[in-house]
Amino acid sequence: MRDTAPNAVDEAILTFGRSWYGYGGGSDEDIYVEFGLAARPYFERLRQLLDEPAAAALDEPTREKMRAVCTRRLR
């Protein structure tokens, strides 16, 4: 677990993930346009962030749903 405060990109990844988890996580194209990343590294980073203090503002049921989306998208 990281001890440093989240950076702006980490916060943006969490915000995007929270906005899109109910819709399967967002399209690969939207992720690329927003972050300049392919979907796989985006979902790997989101999954990691969900276990870090950066995600403390999210309630556990929301984090679990977001983790489930990450797991599906990383298959």
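How much space lies in the largest cavity? About 40 Å³ lies there, in a model that is predicted.

**View 1. The largest cavity and its lining.** A search of the whole structure finds one cavity of 30 Å³ or more. The residues that line the largest cavity are Gly17, Tyr21, Gly25, Tyr42, Phe43, Leu46, Met66 and Val69, and the elements that contribute two or more residues to this lining are H3 and H4. The largest share, three residues, comes from H3.

**View 2. Helix H4 along its length.** Helix H4 covers residues 60-73, and its 14 residues should span 20 Å at 1.5 Å a residue, which agrees with the 20 Å that separates its end C-alpha atoms.

**View 3. The buried face of helix H4.** The buried residues of H4 are Thr62, Arg63, Met66, Arg67, Val69 and Cys70. Seen down the helix axis, these buried residues fall within an arc of 160 degrees, so they line one face of H4. An α-helix has 3.6 residues a turn, so residues three or four places apart point the same way. The buried residues of H4 pack against helix H1 (8-20) and helix H3 (39-49).

**View 4. The surroundings of Arg63.** Arg63 lies in helix H4 and has a relative accessible area of 15%, which means that Arg63 counts as buried, since the cut-off is under 20%. When residues up to four places away in sequence are not counted, Arg63 touches Leu50, Ala55, Ala56 and Leu58.

Methods. Residues numbered from 1 in each chain as written. Predicted model: local features only at pLDDT ≥ 70, side-chain atom pairs only at ≥ 80, totals over all residues. Heavy atoms only, no water. Helix = DSSP H or I, 4+ residues; strand = E, 2+ residues; numbered from the N terminus. Expected span 1.5 Å × (residues − 1). Buried < 20%, exposed > 50% of the residue type's maximum accessible area, 1.4 Å probe, protein only. Arc of directions from axis to C-beta. Contact = heavy atoms within 4.5 Å. 1 Å grid on protein atoms, 1.4 Å probe; cavity = no way out; pocket = protein on both sides within 12 Å on 5 of 7 lines; lining within 4 Å. Points joined across faces, edges and corners; volume = space filled by probe spheres on them.
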